[in-house]
Amino acid sequence: MVGETKGFVATALDQDGNAMPGIDIAWSSSDPTVGTIDDDGVFTALAAGTATVTAASGDIAGTATVTVSDEEPVLTSLNVTPPRATLAAGDSLKFIVTARDQNGNVMPAGAVAWTSSDPAAGTIDDDGVFTALAAGTATVTATSGEVAATAAVTVIAAEPEFGMVVLSPPEVTLETGDTLQFEAVAFNSYGETVPAAALTWASSDPAAGTIDDDGVFTALAAGTTTVTAASGDIAGTAVVTVSSDEPVLSRIAITPPAITLNAGDEETFVATAYDQHGTAMPADAVAWASSDPAAGTIDDGGLFIALDAGTTTITATADGITGAADVTVVRPAPGVVVSPPAITLDEGETWLFTATLVDPEDDALFSGVVAWSSHDETVGTIDEDGFFTALSEGAVTITATIDGSGEIGTAVVTVRPASAFPARIAISPSDFTIAAGQDLRLTATVYDQYGDEMPGVAVAFESSDPHIGTIDDSGLFAALKDDSVVLTATAGDISGSARVTVEPSLAVPATIAIEPAKAVIAPGEIREFVATVFDQRDDGMDWVRVAWSCSDAAIGTIDRAGLFTAYICGTADVKARAGGVEGIATVSVTTAPIPDDPGNNDESAGWSGSSGGGDSGPAFDAGMGESLMRGETFTFSGITTSSVDSVAITAANSIPRLMVTVKGTTAPSAAVPPDGDVYEYIEITLYWANPDDIESAVIVFTIPVDWLREHGMTPEDVGLMRYVGGVWQPLDTVFLGEEDGAYRFRATTPGFSTFAIAAVAPENTTVTPEATATPGGEANTTINATAEPMATATTVPVTTAPAAPLVYAPFLAPLAFLLWRRRNH
């Protein structure tokens with residue numbers, strides 16, 4: 001407004017974008033009749049009109065446009081930022097309002113009344129702070145006078161307690177009567193483990209097995225059941241197979257287990273089959289064998305014939321299970337021969353002995369009345385018919401006396417105790433799947449020959465491959481890496497085993513990628529960020545949510561959906577966190593934003609953007625390079641917003657950082673169109689680098705074959721022209737060939753500005769002299785730094801515009817320049 005003053009601040013930046021204090025600034029106004037500016041940067045508005053304010057230091061200058069109005073501003077429109085937001089119950093978010101007058105200029109909003117369309121979903125206070133209360137949607141309205149603007153708010157329910165539940169082991173085989181403690185690993189929505197999670201356990205088939213509130217499963221009957229641990233809609237499952245209780249042949253015992261026979265004697269052995277529980281059971285055909293047929297042979301019925309002195313082992317085999325007995329064959333001496341001369345019996349067993357009188361020629365003379373006796377009847381007794389009964393552990397000699405012969409014979413009986421001995425070891429679970437990094441305690445149960453448990457017997461555990469998993473003396477198995485392994489429990493000569501399949505470790509968040517990785521926006525604009533969570537195998541974890549945060553809430557805030565709202569100029573980190581890891585993106589808020597930087601540091605970083613806050617398609621392409629040495633070339637390709645395919649920039653000096661943008665444009669307003677037919681105008685702009693440090697640039701572009709044919713031109717007629725110094729400068733252009741219906745060209749340029757792709761017939765070609773560029777004179781000037789208004793006596797909130805209709809551009813009167821350090825020549 002005429003008569004008002006406004007202070008400007010110029011910020012000098014070096015080639016690294018760092019502020020340089022203490023730089024002398026010369027201020028000037030292009031039209032002193034409109035307004036003047038003093039040495040301190042204070043502009044005084046004198047008359048209606050437009051003036052350009054310039055801040056200069058040497059050859060480097062920055063400008064700002066000031067429009068002075070002589071009419072009172074009238075509030076015409078309001079804009080609420082952010083226009084939309086997603087919050088969870090309990091969250092809060094500050095909305096800001098920007099007011100504009102009838103000329104579209106920012107002005108004070110005045111007293112703003114804030115309302116929420118659904119106070120049950122959330123309320124908003126007089127400062128524009130919205131508090132989310134319950135799931136739902138609400139429209140936030142800001143009203144000043146008769147003018148209003150709205151924003152949409154979505155309130156989601158409070159985060160569920162769990163995002164995923166995983167049971168360990170996920171697959172297991174148990175025997176009837178076994179128990180197993182399942183472990184539930186619960187994760188919240190952010191991929192973090194939840195200790196002591198309260199879950200509801202269930203078995204899909206209680207007939208096969210049940211599970212208690214602590215996750216202890218009891219196998220009841222053969223079958224398959226699914227164990228579930230759940231909280232609401234989130235559940236983890238495991239499959240349990242309970243093996244059949246049908247008898248399985250586990251042991252064969254031969255009676256007698258040891259015997260001494262006289263050559264020529266016959267004895268029938270008996271094989272008894274026992275199942276896994278120690279119960280006698282029928283066995284399929286038993287195959288008998290003698291290890292030394294010269295000592296004796298045995299037929300299919302178990303009848304053994306002693307042939308000659310020696311020892312042999314008798315075996316009985318069925319279904320891969322074998323029992324054994326030891327036989328010794330001797331030649332009897334003349335006299336009374338007792339058969340068998342030696343035998344081993346178990347307590348409670350009986351055996352029939354016989355006695356025969358043999359002459360020196362080995363002939364049996366006669367069998368008369370025999371008197372039997374036992375020298376230790378506590379070990380065993382024998383009746384008058386020769387039936388011996390084993391009573392207790394020990395060895396006893398029995399004597400046979402043949403009446404009238406005066407001869408006696410003896411035999412030795414060894415009685416084994418009836419005490420139990422280990423016969424079988426069962427490991428539970430016998431077959432299971434587990435994830436690497438998890439552990440599971442196994443139990444080994446030792447059974448005696450009668451199928452009874454022997455709790456006092458110690459077992460030794462062993463893993464077939466400790467690299468896959470280890471097991472300690474208590475039976476705790478630790479899974480290390482995915483593969484399969486066999487676990488063995490051993491006691492004496494018997495053992496049991498279990499099969500284990502180790503799967504990859506449980507997926508947990510390992511990295512978070514945020515797009516874009518870098519963003520540059522203006523105050524009042526919004527930008528959506530997207531976070532992708534990856535596990536340790538680089539697989540996406542779609543179920544994991546991220547917690548968004550901003551390192552400086554004064555610069556901007558970010559909602560639950562990743563929507564960032566910029567408030568004031570500055571730089572802040574946007575963070576996405578899940579499962580103890582986080583991803584970081586950088587946001588620069590500036591009044592003169594440049595294209596977003598996706599965060600690539602290689603030589604071909606590129607991205608697209610638009611000045612419309614993301615509501616329209618890309619208006620430009622941009623590429624960024626870093627640490628270019630003298631003679632090195634940065635190539636920016638993949639350009640989609642114009643006919644330019646690539647821009648290759650060769651450094652004349654070291655360049656710490658540069659960015660180039662490419663976009664389609666129109667002819668400069670003061671420019672006379674170049675000769676010939678123009679296919680396209682293109683604007684190429686350089687940022688962050690001194691043009692003097694650029695040796696040259698090569699631009700590759702294409703023109704459709706059909707366009708040239710329609711205009712009666714040939715590829716030789718095409719040239720790239722650069723607008724500099726008020727004239728079009730023809731550039732050296734080379735035709736490269738045809739590809740996919742388009743002609744391809746390469747042109748070399750000494751600098752950047754606006755370019756025209758034109759086709760000029762030979763008779764119309766004119767050559768214009770090359771203009772001499774002056775510092776700051778080209779459109780591609782590197783003066784592109786930020787500035788902000790000088791503070792006045794009254795502090796202006798970031799949500800409002802200046803207090804008077806003194807209009808200046810860009811937004812909030814930015815004025816700054818980039819001061820480059822130059823090499824000494």
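**Close-up views of a predicted model**

D538 counts as exposed, at 59% relative accessibility; exposed means over 50% relative accessible area, buried under 20% and partly exposed in between, with a 1.4 Å probe and protein chains only. This is a predicted model, in which local features need pLDDT of at least 70 and side-chain atom pairs count only at pLDDT 80 or more, while totals for chains, interfaces and linings use all residues. Residues are numbered from 1 along each chain as its sequence is written, and side-chain values use heavy atoms, with hydrogens and water left out.

**View 1. D538 and its positive phi.** D538 is not a glycine, yet has a positive phi of about 65°. Most residues other than glycine have a negative phi. The loop that holds D538 runs between strand 59 (530-535) and strand 60 (547-550). Strands (E, at least two residues) and helices (H or I, at least four) are DSSP runs, numbered from the N terminus.

**View 2. D319, also with a positive phi.** The phi of D319 is positive, about 50°, although D319 is not a glycine. D319 sits in the loop between strand 35 (310-318) and strand 36 (321-330). The relative accessible area of D319 is 55%, so D319 is exposed.

View 3. Most peptide bonds are trans. The bond from S168 to P169 is cis, with omega near 0°. P169 lies in the loop between strand 18 (164-168) and strand 19 (171-174). S339 and P340 are likewise joined by a cis peptide bond, with omega about -5°. The loop containing P340 is between strand 37 (335-339) and strand 38 (342-346).

View 4. Two strands pair if DSSP finds at least two bridges between them. A697 is opposite T749 in strand 75.

**View 5. The protein chain as context.** The protein chain has one helix and 78 strands. Of its 825 residues, 44% count as buried.
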